[in-house]
Amino acid sequence: MTMIPAMAVVLAASPLHAQSTSPQSATLDSIAPQIEAGFTTFMAENHVPGLVYGVVQGGHLALVKGEGVQDLAARRPVTPDSLFRIASMTKAFTALSILSLRDKGLLALDDPAEKYVPEMRGWTYPTSDSPKIRVRDLLQHVAGFVTDDPWGDRQQVLSQEDFTALLKTGVPFTREPQARHEYSNLGYAILGRIVANVTHQPYRRYVEKTFLVPLGMTSSGYDTPASPIERRAVGYRWENGVWSEEPTMKDGAFNSMGGLQVSANDYAKWIAFLLSGWPARDGPETGPVRRATIRELAQGLNFVSIATRPGSTGATACPLALAYGMGWRVMQDCDLGLTMSHGGGYPGYGSHVMLMPEYGTGIFVLTNRTYAGPTGPAWDAAMLMHKAGLLHRPEMPVSSDLASFYAAAQAVWQAGTVAPLNGRVAMNFPMDRTAENWTKVLGELKAQAGTCDTAAPVTPTGRMTGTFRWTCGKGSVNGQIVLAPTRPITIQALRFTFEGAVP
């Protein structure tokens, strides 16, 4: 058997390696062999010639590794600088391009798309009461187009002239717009045309100037045939027990749905840039677009489905609520919190990316085999990091208002009355429970709980809400503070509940 070479790089300068975050003092280095094993198994089981995967954390490429070969003829090994087409992961660049144009006042998401693409005017909609397609509908795949994998993947080479002719002819609908989510490469190709028409330049040029150049993604681009063959990951199909090379498709009218080519080192800069949008904070804006605009990508539609977490832990994980944001599939995971992910399937390539914005962490993998979707091992890597204690949300600061009312809540408990809140309550507070009843309830709770240590800090869940937990002689007291939307700030709810000690 011929051994396929591999290359690994761990950036020791990353802040990740300075952390000691679990009882076992786990680091990314310590679980890297387990992460590698998942991708190695995936390669073998799916006949993948080569792949590269990376973990971005703390604004840096904390782990990157290439496995296998980028071309079967010359046997050049995959490295972090090998160039892969990322297929539908390109859609995130297109979506953020549209949002950036909205920020500049050059378009509105609720405008009809035909305002910017005149060939769409006069289209025949499926019903007389069908709404016209909005720009927003294209972003979130609710334009009423039929799912077009794999047809759309082969349209990459379509010329702009032929695309114009296709649009002039009109497109058949599978249902009326805004009825349900249905994935459409055609929709994102139209978004690329909108970018071009609004900016009076090719779509790819706008992406290059707006994102690739400012982020230092100097190896990335849309003209794959012009890229150095020495660095290019050649795309292959596995069929009838052998690999065959897929045609290298030139840049064309469908590039906005899947045409971008990147290296792992370049793509990590894009992921770090996206993750920098979280959390919301004060401070200067330093990116190509505002942080709030990045976070907007995660706003999902009201067409929600139930999904299973990808990977080996899915069978025992809680069900996930899935919606499509803008160029991203958005899910809430019981362990990983907010996740944004997207696959890329393309002739000769398969890829996956997942972001955990609340933890400042992203994982991606790029392969050079047709539709080799490496979703499972990417999510398994995320769960390995979670179990090793390597995922941490930044601590939310306690606002001065919340701190002040928490001190008042501590005083209420000690006094056994709500007198410490006099003059600081919202109008609903005495209506929901009288002062006399508060005294009665507090007395009963204190008798149940025994002596409590009330020095524990409050945990903010927002600037005006928080929870706390006190250890007591007979169990614990859990509490919640909810401030009212008034000036001056008042309290609308204070809750105490007793939890008995487990025998």
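These legends describe close-up views of a predicted model.

**View 1. Glycine 348 sits in a loop between two strands.** The loop joins β11 (337-346) to β12 (349-356). Glycine 348 has 0% relative accessibility, so the residue counts as buried. Its contacts beyond four places in sequence are Gly235, Tyr236, Glu246, Thr367, Asn368, Arg369 and Thr370. Glutamate 246 is 102 residues away along the chain, yet the two C-alpha atoms are separated by 5.5 Å.

**View 2. The largest nonpolar core has 85 residues.** Phe93, Ile190, Ile194 and Trp270 have the most contacts inside this core. Helix α8 (residues 264-275) gives the most to it, with nine residues. Another core, of 34 residues, lies apart from it; Leu28, Ile35, Ala62 and Leu390 are among its members.

**View 3. Isoleucine 190 and the residues around it.** Setting aside residues up to four places away in sequence, isoleucine 190 touches Val117, Met120, Trp123, Leu138, Phe145, Phe163 and Leu167.

**View 4. Helix α6 (residues 203-212) is largely enclosed by the rest of the structure.** Eight of its ten residues are buried. They are Tyr203, Arg204, Tyr206, Val207, Glu208, Thr210, Phe211 and Leu212. The cover over these buried residues includes α2 (91-103), α5 (185-199), α7 (255-258) and α8.

View 5. An α-helix has 3.6 residues a turn, so residues three or four places apart point the same way. Glutamate 208 counts as buried, at 15% relative accessibility.

**View 6. Aspartate 110 and arginine 136 form a salt bridge.** Their closest N and O atoms are 2.9 Å apart. This pair links distant parts of the chain, 26 residues apart. Aspartate 110 lies in the loop between α2 and α3 (135-139), and arginine 136 lies in helix α3. Aspartate 110 is partly exposed, with a relative accessible area of 46%. Arginine 136 also counts as partly exposed, at 23% relative accessibility.

**View 7. Arg102, Asp103, Arg290 and Glu296 are linked in a network of salt bridges.** The structure holds 23 salt bridges.

How values were computed:
Residues numbered from 1 in each chain as written. Predicted model: local features only at pLDDT ≥ 70, side-chain atom pairs only at ≥ 80, totals over all residues. Heavy atoms only, no water. Helix = DSSP H or I, 4+ residues; strand = E, 2+ residues; numbered from the N terminus. Buried < 20%, exposed > 50% of the residue type's maximum accessible area, 1.4 Å probe, protein only. Contact = heavy atoms within 4.5 Å. Core = buried A, V, L, I, M, F, W, Y, C linked by side-chain atoms within 4.5 Å. Salt bridge = Lys/Arg side-chain N within 4 Å of Asp/Glu carboxyl O.
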